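Hi,

Here is the structure I said I would pass on. Have a look, and my notes follow below.

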Amino acid sequence: MTNHKNVPGRLIVNLLALAVVFPCAARVGSGAPSLQANAAPKKLSPEQVYESESPSVVVVTALNAAGVGELGTGSIIDAKGHVLTNAHVIVDKAAGKPYPFIGVYLKPANLTGDPRRDLANRRTMKALFYDRAKDLAILEPTRDFPSRPPLPLGDSRNVKIGQSVLAIGNPEQGGLWTMTRGIVSTVLANIGGVQGKNVFQTDASINRGNS
């Protein structure tokens, strides 16, 4: 654990989690993939993907009453502002339950590189669901959430080894809302003996904190 009483000024150098990974294909209109018959999805450049998707990536903070806790990354997954993140970010291991103070920071329109300026838009959240074995959690806003386009969940059956991947997250010793690029390297099933905990390996640079 790390003391985060002065959270905004220290986010950039502490433990963060869950990069958001995107195949390099298009989003059309409302965010649904193109369903045109016999037409391949339009390829987007990394710059286009970052511009359209990064506003729906958030920084997650989870703290106890003493200001001690964890930091991570999450994805807005619906119009109500529900956020998908890692369970280890929001669950206090010692207490065996979610931290009492959970919040997310929304990405500013223009990143400055200064955490004290970029982490100004905080929203309070609560844990709606978490699965420690699969290391997944869903957060729910405690009040009205500003409109942000949700990130559509893909179908893992359509992912192929060799496909291009972009990862957006907040790596330790790195910047906020960073992006890296690579390919899908392989598929790994039932990680740690947990049924259904299946992952894709990628060679995109995902450093400690946004994996």
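In helix 2 (residues 46–53), the buried residues are Val 49, Tyr 50 and Glu 53. Buried means under 20% relative accessible area, exposed over 50% and partly exposed in between, with a 1.4 Å probe and protein chains only; helices are DSSP runs (H or I, at least four residues) and strands are E runs of at least two, numbered from the N terminus. These three sit on the same side of helix 2 because they cover an arc of only 95 degrees around the axis, taken from the directions from the helix axis to the C-beta atoms. On the face turned away from that buried side are the exposed Glu 47 and Glu 51.

Before going on: this is a predicted model, where local features need pLDDT of at least 70 and side-chain atom pairs count only at pLDDT 80 or more, while totals for chains, interfaces and linings use all residues. Residues are numbered from 1 along each chain as its sequence is written, and side-chain values use heavy atoms, leaving out hydrogens and water.

**One more spot**

Val 187 belongs to strand 12 (residues 178–188) and counts as partly exposed because its relative accessibility is 46%.

Cheers
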